[in-house]
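Colleague: Could you take me through this model and tell me what stands behind each term you use?

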Amino acid sequence: MISEAIKSAQILVIDDEPVICDGCRMVLSEKGHTVDACRTGKDGMEAVRKDGYEVILLDLKLPDADGMDLLQRLQKEKPRTPVIVMTGFSSVQNAVAAMKQGAFDYLPKPFSDDQLVFAVEKAVAAKRLAEENLALRNQLYAMFDFSNIVGENPQLMQVFDEVRKAAPTDSTILLQGESGTGKELFAKAIHAHSKRSSRQFVAADCSTFSDSLLESELFGHVKGAYTGAVSDKAGIFEMAKGGTLFVDEVANLSLEIQGKLLRVMETQ
């Protein structure tokens, strides 16, 4: 199923066994992939530095290098390139250790053609998805770049400076301004420039909910908490975990809900 969606990928095999190199090249070439092979760790690293491989198949036992050491070097130099380690059945424990050190997957020798193709194309799909996500994050960053917020007023320039200082932190930020002045735009700019930009940006408009409903929306509820609560429901705080929560029109909250919201912000 994966091979139907995976277009040609460039793959490197690092293994000292000719039968493994030739077999991987034959099987993967039939699927439309380009396969290069190296018999030593030194040649493998030189090839990696020259070409942009999408997946690396790495034998843990090489004549001139320790596979685990080579894995660490590959992760340092090519951190976004998935590495599939290959090992004999007697060394599966080493393969598990390699997974803990960041290998994408492992293939115990001998492996079937289907196992090889599935592991490689799963790695290619994961790499391309990660690259797509990175590209979308960069688009988001550009979309909410400060240059897209129009204004040359000195006070607005001061706000830009404050946003640049605040965005990298995990501090709670208060945005004040009349309706239509772009508070949510600034909130999204802060999110796009923060360490949380890869996670969700969640906006909650306090003016659209009653107090009782808003409390449930913000904090969630468990099944049976009130009439009609037929199942557990995650609150907006939980949904935004790891990302950014923008609570809009907070002045419309009752003093009771404001107190609970303040307690959450103070205690995290």
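Modeller: Strand E4 and strand E5 (residues 105–109) pair in the parallel sense over 5 bridges, where helices (H or I, at least four residues) and strands (E, at least two) are DSSP runs numbered from the N terminus. This is a predicted model, in which local features need pLDDT of at least 70 and side-chain atom pairs count only at pLDDT 80 or more, while totals for chains, interfaces and linings use all residues. Residues are numbered from 1 along each chain as its sequence is written, and side-chain values use heavy atoms, with hydrogens and water left out.

Colleague: What makes E4 and E5 a pair?

Modeller: Two strands pair if DSSP finds at least two bridges between them, and E4 and E5 have 5 bridges, so they count as paired. In E5, Tyr106 is the bridge partner of Val85. E3 also runs parallel to E4, joined to E4 by 4 bridges, and Ile56 has Val83 as its bridge partner in E4.

Colleague: How do you know that E4 is largely enclosed by the rest of the structure?

Modeller: Buried means under 20% relative accessible area, exposed over 50%, and partly exposed in between, with a 1.4 Å probe and protein chains only. Because 5 of the 6 residues of E4 are buried, the strand is largely enclosed by the rest of the structure.

Colleague: What makes a set of residues a nonpolar core?

Modeller: The members must be buried Ala, Val, Leu, Ile, Met, Phe, Trp, Tyr or Cys residues, joined through side-chain atoms within 4.5 Å. The largest such core has 21 residues, and among those with the most contacts inside it are Ile11, Leu57 and Ile84. The elements that give two or more residues to this core include E1, strand E3 (55–59) and strand E4 (83–88), while H6 gives the most, with 6 residues. A second, separate core of 20 residues includes Ile14, Leu58, Leu60 and Ala103. In soluble globular proteins, nonpolar side chains tend to be buried together.
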